[in-house]
Every structure is written in structure tokens, then in C-alpha cells.
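Have the sequence and the 3D view ready as you read.

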Amino acid sequence: MKKRLSLKEIIFVASMLFGLFFGAGNLIFPVHMGQLAGSNTLPAVFGFIITGVGLPLIGVAAIGISRSTDLFDLGKKVGKPYAFFFTCALYLTIGPAFAIPRCATTSFTVGIEPMLGENANSKLILLVFSVIFFAIVLFFSLRPSGILTWVGKIINPIFLVFLALLLIVALTHPIASVSEITPDPSYQSGAFFQGFLEGYNTMDALAGLAFGIIVITVIKYLGVKEEGSVAIHTLKAGIFSSILMAVIYIAVTVMGAQSRGLFEISENGGIAFAQISNNFFGKAGILILAITVSLACLKTAIGLITSCSEIFMKMFPKSPGYKFWAVLFVIISFLIANVGLTAIITYAVPVLMFLYPLAITLMLLAIFGRLFKHAKCVYISVTVFTLLAAVFDFIKALPEGAANAIHADVLTGFAGKVFPLYDLGLGWTVPAIIGLVVGLIIYFVRKKSPKAA
């Protein structure tokens, strides 16, 4: 039995993990943030890296360090009913409800739509494109044992070559100086916190909890079986992939900010990427970008379909099996993809504002759980307090129509008075800390009581 992986094997595993993480949102959100942040790009990108890089690393580490078999197993530390609820909600969000459809629509918006004429039927072409896209995704997803080869050794290196080509040209031939770009009003103050929340949109912290088990499985497949060694190698792979993501995020954000010297702020990052690529490479640039984005989105969609199918197969053992879930999730993703990129982004934001606080607290509890012996009372207390606050974050992020229907202004006004940092989108932090204190008090009281002895 092997005790450690070779450097080459660690790099391949890290490449696979990066490939799974780095998809649609990782390209379109930082470039759009750069356009908005302008001269405040530096604090914005630092905030973005915390949620877009730091939290995914913590998520992968949480699965490895806690030695949980998967997210469902980790969620059971709060309680089995909660594990079902949270696992289903998280996997559906990073899977067929939002993230996977976004992969297809981003590929189309960035790579295909710019090549269409004014009279082209975009909806029909999106339909045809998504059929082809999801057919490819399903082909690879039905062969999950080859995910290290397909993603880590083939698709991801090709993707990096094309992305590097665009970034090098754009950064060495800047359209404008970042310091000269006036920030959008939303980024004129509190750019760090805006970037922090923008990082939510990548969904990578949620994906980290899902992809952690894939990394562990691959490491064991390569011969490392001892749990401590698996945890260490999981963390190493996570660190390698995180460094690469951080470098790319900085480069893409700066490229977005520089593009304001020529372009107005775009409706979404997909449009911005297409404009920038066309500016530097013309028609060839559109082709380069189409290949780059399609590869990025394909590899992420493959990983997400694989992860979702495996976890639902485990949670519902009487279901028909892995192939059933893979086909079902591909069909659902295909249907949602055809509502368009902007709509998907709009409706994903409230769900992310609800799920992220729950994911962050669960990850931190898993990592530091040894300090309180993973006592269930601590997990429950923190989760309950966080959940109550997260509901108000969800309400605050609702689209205007839905918000008006439930009189969200009244609820958000109340929350703004009750929860510190609510206006910054971090209203859950103080309740989570209170929940931790309450949980620890219960834990230590029980520990000292005669019955506990």
C-alpha cells in the first residue's frame, strides 16, 4: 500500500480538481466584477479570492480532515433530516438547477452567440447547441472512472493553453490603465465586501464540499489508502489548484477592468469576454474564446453530473442507480439551460445567499470539530442560528418581482435593525457566533455533569 503520491500524481489530481472547479462562473464573474470595480479592482479581487478560492479549499479540506465519506455524512453531524435537506439543496443548486445549465448557456453566450447574425433565431440555436453540449456531458458522465484522465490530463491542459493565450495578449496590450477607470456606484465604497459576495456566484465553496469526495476517491484509486495520508494529499491537491485559481482570477479581473477603456459595463461577464476577445483577435478571437469557454464548462458539467448522480444514488439506494440519475440530471439541466444566462444568474443569487452561510459554518465546524469532539449540540446550535439569519439574506437577494410579492422591504428593514452587517450581505455572521457560544456552553455543561461522566 502506497503512503504517498508522487509529485506528478499530485499535479494530475490538482489539475483534475482545478478542472472541476473552474467552469462558467469562474470566467464570467471576475471579468464583470473588474468592469464594475474599475480603480477599486484590488480590494474587490481580494474579497473575491476569499470566497472564490479560500472557501473551496476549506470545503475540500473539511471533507478530508473530518474523514467524512461525503457531504451527506458530514451533514449528519447536525442530524439526518438536515443532512437530507442540505445535501439535496446544495447538490441541486450546483447541479441541474443552476450551475450545470449555466455551463451550457455561458458556452453559448460567449462562444456561439457573437458569431450569429442579427436575424438569427438565438433561442433555436441555443436549443440545438445545448442538445450537443449535454450529449457530450452525458457521454463522459456515464464513464465516471475515467474522470482523472478526461478532466485532469486532457481537457484541462487544453483549456489552460487557450485561456493563457487570451490573458497574455490582453494584459500585455492593455486597453486602459485600471487606475483611470471610475468604479460603478456599487463598487465606489465597500469594494472588498462586494467582491466577497461576488465570489458566492462561482458556487465553488458549495462545489468544494461535493468535489472533496471525488479527490479522495481518486487518491485512493492511485494507491493511498491510509486516512491520514489521504487527508494530507487532499489538502495538497487543494492548495495547488487554489493557487492556480487565484492567479487566474486576478488576471481575468484586471482584464475586465482594463476593457472599460473601450467598452461600457456589459449585462453579464459572458458578453464582456466576447467583446474583449473580439477586440484582440477579431473573428479568430471568437473561435479561441468559444473553445476556451466550452472546454471550461464541459469539464465542470461532467464533474457536477458525476457528483450529483453518485450522492443521490447513495441517499436513495432503492432508486434505479447511477445511470438513472445521470440521465435525469442531464435532462433537467438541458431544460433550464434554455431560459438563458441572465435569468439563471438572477434566480441563482438568492439561493446562494441562503446556502453559503450554512455551507461556511458546516465547513468550519468540521475542520475545528476535534476541539469539541464534534458534539452534535454545537453543530445544531450554530446551524439553527445561521439558518434563521440566512433566510433574511435570501429575501434580500430576491428579484424585484418576487420581492414585491412578499413585501420584502418590510422584512429586510427589520433584519437590517436586528442583524449587524446585514447591509453588507453578512448578516449571518453574528448569529452564527452566538450559536457557537450557546452550543459550546451546552457542550461543556453536559461534559461536567454527573450523567455525562
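A residue is called buried when its relative accessible area is under 20%. Keep in mind that this is a predicted model.

With that in hand, let's begin at helix α16, residues 376–396. Its buried residues are C377, V378, Y379, S381, V382, T383, T386, A389, A390, F392, D393 and I395. What covers them? The cover includes α5 (80–97), α15 (341–368), α18 (408–418) and α19. The length of α16 can be checked too: at 1.5 Å a residue, its 21 residues should span 30 Å, and because the C-alpha atoms at its ends are 30 Å apart, the two values agree.

Now turn to one of those covering helices, α19. Two packed helices are described by the angle between their axes and the distance between the axes. For α16 and α19 (residues 429–448), the axes come within 7 Å and cross at roughly 160°. Angles over 145 degrees count as roughly antiparallel, so α16 is roughly antiparallel to α19. The crossing of this pair is right-handed.

Which residues of α16 and α19 meet? From α16 come C377, V378, S381, V382, F385, T386 and A389, and from α19 come P431, A432, I434, G435, L436, V438, G439, L440, I442, Y443 and R446. Sorted by class, the residues of this contact are 13 nonpolar, four polar and one charged. An α-helix has 3.6 residues a turn, so residues three or four places apart point the same way. On α16, you can follow C377, S381 and F385 among the residues that touch α19.

Next, look at helix α15, where you will find I360. Is I360 buried or exposed? Its relative accessibility is 6%, so I360 counts as buried. Beyond its neighbours within four places in sequence, I360 is in contact with L55, Y200 and W428.

On the α3 side the contact is made by T51, L55, I58, G59, A61, A62 and I65, while α15 contributes Y356, I360, M363, L364, A366 and I367. This contact has eleven nonpolar, two polar and no charged residues.

Definitions and conventions: Residues numbered from 1 in each chain as written. Predicted model: local features only at pLDDT ≥ 70, side-chain atom pairs only at ≥ 80, totals over all residues. Heavy atoms only, no water. Axes fitted to C-alpha atoms, helices over the stretch in contact; angles between N-to-C directions. Helix = DSSP H or I, 4+ residues; strand = E, 2+ residues; numbered from the N terminus. Parallel < 35°, antiparallel > 145°, perpendicular 65-115°, else oblique. Left-handed = near helix turned anticlockwise from the far one by under 90°. Contact = heavy atoms within 4.5 Å. Nonpolar A, V, L, I, M, F, W, Y, C, P; charged D, E, K, R; others polar. Expected span 1.5 Å × (residues − 1). Buried < 20%, exposed > 50% of the residue type's maximum accessible area, 1.4 Å probe, protein only.
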